[in-house]
Amino acid sequence: MEKRINKKFAFISLILLVVLFAFYGIYLRNNRILEEKKQYETSFTSEKRYGTLKITNIQKTKNHLIANILNTTDITFMGEMVDVVFLSNKGDVLCRNSYDIPPLEAHKEVSLNMVIEQKCKNAYTFVLEKKKEDKNGQ
């Protein structure tokens, strides 16, 4: 009789353990999804950052993206080619354009003004990313 109770206890314990692991896995997966979504929850005109640069006063006109880029450090930014990635409200990439950020002295500001392609016009937000090299290494 005691062996039968021990088998039931072991079986119930095993089932509870499996259920707990399942709930923990679901919890981790949901947190990961929420973290990914937070990345894209900022609107188009909200302040953005690229490394030590701050992008402010963002405006989207009919055909242009206009903003100010501020170097927030005491060191001159040497300039860099970046990808401006336009995203939907779900975080899907709508289009990707290159932009050459010029050298920028410490605590100075420069204007960003780029033409927006037709497929980018309905973007919910955008991010700046380090330029990806193409197949030719450029």
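Colleague: Over how many bridges do β4 and β5 pair in the antiparallel sense?

Modeller: The model is a predicted one. In this model, β4 and β5 form a hairpin with 5 residues between them. In β5, Val 93 is the bridge partner of Leu 87. The antiparallel pairing of β4 and β5 extends over 8 bridges.

Colleague: Which residue in the turn of this hairpin has a positive phi of about 90°?

Modeller: The hairpin formed by β4 and β5 has 5 residues between the two strands. A positive phi of about 90° in that turn belongs to Gly 91.

Colleague: Which residue in β7 stands opposite Phe 86?

Modeller: The strands β4 and β7 run antiparallel and are joined by 6 bridges. The residue in β7 that Phe 86 faces is Phe 126.

Colleague: Which residue in β3 is the bridge partner of Lys 54?

Modeller: Strand β2 (residues 53-60) and strand β3 (residues 64-71) run antiparallel and are joined by 6 bridges. The bridge partner of Lys 54 in β3 is Leu 70.

Colleague: How many residues apart in sequence are the parts that the pair Cys 95 and Cys 120 ties together?

Modeller: A disulfide is a covalent bond between the sulfur atoms of two cysteines. A search of the whole structure finds 1 disulfide, and a disulfide joins Cys 95 to Cys 120 with an S to S distance of 1.6 Å. Cys 95 lies in strand β5 and Cys 120 in the loop between β6 (109-115) and β7, so the parts tied together are separated in sequence by 25 residues.

Colleague: Is the link of Cys 95 and Cys 120 right-handed or left-handed?

Modeller: Both Cys 95 and Cys 120 are buried. The angle about the S-S bond is 135°, and the link of the two residues is right-handed.

Colleague: How many residues apart are Lys 130 and Glu 80?

Modeller: These two residues form a salt bridge, with the closest N and O atoms 3.3 Å apart. Lys 130 is in strand β7 (residues 125-130) and Glu 80 in strand β4 (residues 80-87), and the pair links distant parts of the chain, with a separation of 50 residues.

Colleague: Is Asp 83 buried or exposed?

Modeller: The side chains of Asp 83 and Lys 131 meet in a salt bridge at 3.2 Å, N to O. This pair links distant parts of the chain, with Lys 131 in the segment after β7 and Asp 83 in strand β4. Lys 131 counts as partly exposed because its relative accessibility is 34%. Asp 83 has a relative accessible area of 2%, so Asp 83 is buried.

Colleague: Which residues are linked with Asp 83 in a network of salt bridges?

Modeller: The count for the structure comes to 5 salt bridges. The network of salt bridges links Asp 83 with Arg 96, Glu 129 and Lys 131.

Colleague: Is Lys 119 buried or exposed?

Modeller: The side chains of Lys 119 and Glu 117 meet in a salt bridge at 3.8 Å, N to O. Glu 117 has a relative accessible area of 33% and is therefore partly exposed. Lys 119 has a relative accessible area of 53%, which means that Lys 119 is exposed.

Colleague: How much accessible area does the nonpolar patch on the surface have?

Modeller: Leu 16, a residue of helix α1 (residues 2-38), counts as exposed because its relative accessibility is 52%. Leu 16 belongs to a nonpolar patch with Phe 11, Ile 12, Ile 15, Val 19, Phe 23 and Ile 26. Together these residues have an accessible area of about 700 Å².

Colleague: What distance separates the C-alpha atoms of Phe 44 and Gln 59?

Modeller: Phe 44 lies in the loop between α1 and β1 (48-50), and Phe 44 counts as buried because its relative accessibility is 6%. Phe 44 and Gln 59 are 15 residues apart along the chain, and their C-alpha atoms are separated by 8.2 Å.

Technical notes. Residues are numbered from 1 along each chain as its sequence is written. This is a predicted model: local features need pLDDT of at least 70, side-chain atom pairs count only at pLDDT 80 or more; totals for chains, interfaces and linings use all residues. Side-chain values use heavy atoms; hydrogens and water are left out. A salt bridge is a side-chain nitrogen of Lys or Arg within 4 Å of a carboxyl oxygen of Asp or Glu. Helices (H or I, at least four residues) and strands (E, at least two) are DSSP runs, numbered from the N terminus. Buried means under 20% relative accessible area, exposed over 50%, partly exposed in between (1.4 Å probe, protein chains only). Patches are made of residues with over 30% relative accessible area and no salt bridge: like charges are joined within 9 Å, nonpolar side chains (Val, Leu, Ile, Met, Phe, Trp, Tyr) within 5 Å. Accessible areas come from the Shrake-Rupley method with a 1.4 Å probe; for residues, only the protein chains shown count as cover. Two strands pair if DSSP finds at least two bridges between them. A disulfide is a pair of cysteine sulfur atoms within 2.5 Å.
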